[in-house]
Amino acid sequence: MRKQIVGLVGAISIASAALVAAAPVAGAAPSAAPAASAGQVSVQSSKMGGKISRAEVMKRAAYWYKHRNDKSMYYGGKWHRDIDSKKHTYRQDCSGLVSMALHLKGSPNTELLGKRNANGKFVNSTYGYVISPSSMKPGDYTGFLGWGSGGSSGHVRLFIAWKNKKKGSYYAYDYGRKKLRKDTFNIHTDQKNGHKFGAYRYKKIS
């Protein structure tokens, strides 16, 4: 009988220890999400042209940035795959990057992503509404857009985060004539061919 009791106490002690070990520690970081299976790129959350979260916009942009050194990701009038599907591609340039990140149905250029009136003032476009550059949040975009910004005349960047908001410096994804880069810029000096940048927020971002 004594041996049975000792054995039972030992079993309970081992089970208790196992439960304590498995229990989450207060303040501990959550466990990492399971790794994607082979060949899986991401789990699609938004639909093309539909509502999209800022987190997903940044995740989509980060996908292109991660593959920036691939030969297929160099600028040259080519198109590259959507993060969710090889069947859907976007133009490999600055506006293509923004279009891909926002998961737009097409790949509009700088003349369509933004809009300017007859006086040259930035106004709401089909895709976004005008915001103050100082109010930009992750997933917003800034550049010289609208009429007259086609080809090399215009440019657009995808805002990541503020480096020093008081001084106007920020981080952004920038896709020029070569490979995509992540760099620091400033809203006070942003311009293209003498034209000051405007800032936009996608109408369906949340």
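This is a predicted model: local features need pLDDT of at least 70, side-chain atom pairs count only at pLDDT 80 or more; totals for chains, interfaces and linings use all residues.
Residues are numbered from 1 along each chain as its sequence is written, and side-chain values use heavy atoms, with hydrogens and water left out.

First, the overall picture. The protein has 4 helices and 12 strands. Of its 206 residues, 39% are buried, where buried means under 20% relative accessible area, exposed means over 50%, and partly exposed lies in between (1.4 Å probe, protein chains only). Taking contact to mean heavy atoms within 4.5 Å, residues 24 or more positions apart make up 54% of the contacts with a separation of 6 or more.

Now find the open sheet of 6 strands, which runs in the order β5-β12-β6-β7-β8-β9 with antiparallel pairing. Two strands pair if DSSP finds at least two bridges between them. At the edges stand β5 (128–131) and β9 (181–186), and because each has a single partner strand, one side of each is left without a neighbour in the sheet. From one strand to the next, the twist averages 40 degrees. Within this sheet, β7 (residues 155–164) and β8 (residues 169–174) pair in the antiparallel sense over 5 bridges, and Trp-162 has Tyr-170 in β8 as its bridge partner. Helix α3 packs on the sheet and touches β6 (141–144), β7, β8 and β12 (198–202), its direction making about 65 degrees with that of β7. For such angles, axes are lines fitted to C-alpha atoms, for helices over the stretch in contact, and values run from 0 to 180 degrees between N-to-C directions.

The side chain of Arg-201 reaches the backbone oxygen of Ser-135 at 2.9 Å, and a polar contact of 2.9 Å joins it to the side chain of Asp-140. A polar contact is a pair of N or O atoms within 3.5 Å; within protein, one must be able to donate a hydrogen and the other to accept it, and residues adjacent in sequence count only if both atoms are side-chain atoms. Beyond residues up to four places away in sequence, Arg-201 touches several others, among them Arg-54, Tyr-127 and Met-136.

Gly-49 sits in the loop between α1 (2–22) and α2 (54–66) and, at 15% relative accessibility, counts as buried. Leaving aside neighbours within four places in sequence, Gly-49 is in contact with His-103, Leu-104, Lys-105, Tyr-202 and Lys-204. Asn-109 lies in the loop between α3 (94–102) and α4 (110–113) and is partly exposed, with 29% relative accessibility. A polar atom of the Asn-109 side chain lies 3.1 Å from the backbone nitrogen of Glu-111. With neighbours within four places in sequence set aside, Asn-109 is in contact with Arg-91 and Ser-95.

Definitions and conventions. Helices (H or I, at least four residues) and strands (E, at least two) are DSSP runs, numbered from the N terminus.
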